[in-house]
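Open the structure in your viewer and keep the selection tool at hand. This tour goes from one selection to the next and says what is there.

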Amino acid sequence: MNKARLAQYQARWSRLWTQARGHWKALALREKRLLSATALGVLGLLLWWLLIQPPLKKIDYWQAETPKLRSQAEALEVLLHQAAGTNRRGADLEQALRQTLDQAGLKDRYQLQHTDQAGPESWQLTFEQAPADAVVGWLLGTPRQLSLQVVQARLQRAAADTAQDSAGTLSGTVRMDQAQGAKEAS
């Protein structure tokens, strides 16, 4: 913008301002008050429409939307936890099975395999000359505590029983599946 145009706009503005002041002075006091109140009302209305109402609408929208988003986030968290839990649950369960077998005195007397015969949580446990009392004691309590159900057990007494080992030893396989209802609980 050049200086000539700027001077032209300033002259026009100055002329309009003097005309407005002349009209304002020509008004009666009552008319001045009425115009001032109208100008304040219009200014207040513009402030409401431009500065106050839009944030209030956003607040109302997010107050209605936030519970929906929270419930969706919770549902997604449950799904993610379940998806991660199925991968992690197998490893945790295997570790728990190995730990309880070792604590029962069966260390180095078993082989534990994760099989997919009857579902994702199926385990095959093979005993080789394991103490019978330890095997039976473990089978009677531990699988149930780990939400497993003994589905099949093929055990036989191993030969060569000694006087020190009055209960004898067992060899064979045991198949365990996740107990019914355990999936709903996890």
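## Salt bridges and a recorded span

A search of the whole structure finds 3 salt bridges, a salt bridge being a side-chain nitrogen of Lys or Arg within 4 Å of a carboxyl oxygen of Asp or Glu. The model is predicted, so local features need pLDDT of at least 70 and side-chain atom pairs count only at pLDDT 80 or more, while totals for chains, interfaces and linings use all residues. Residues are numbered from 1 along each chain as its sequence is written, and side-chain values use heavy atoms, with hydrogens and water left out.

Select Glu 65 and Lys 68, whose closest N and O atoms are 4.0 Å apart in a salt bridge. Both residues lie in helix α2 (residues 29-103), 3 residues apart, about one turn of the helix; helices are DSSP runs of H or I with at least four residues, numbered from the N terminus. Glu 65 counts as buried at 19% relative accessibility, whereas Lys 68 is partly exposed at 48%, where buried means under 20% relative accessible area, exposed over 50%, and partly exposed in between (1.4 Å probe, protein chains only).

Next, select Glu 94 and Arg 98, a salt bridge with its closest N and O atoms 3.1 Å apart. They too lie in helix α2, 4 residues apart, and Glu 94 is partly exposed at 26%, as is Arg 98 at 30%.

Then move to Asp 177 and Arg 175, which form a salt bridge at 3.2 Å between the closest N and O atoms. Asp 177 is buried at 12%, and Arg 175 is buried at 18%.

Key: Helix = DSSP H or I, 4+ residues; strand = E, 2+ residues; numbered from the N terminus.
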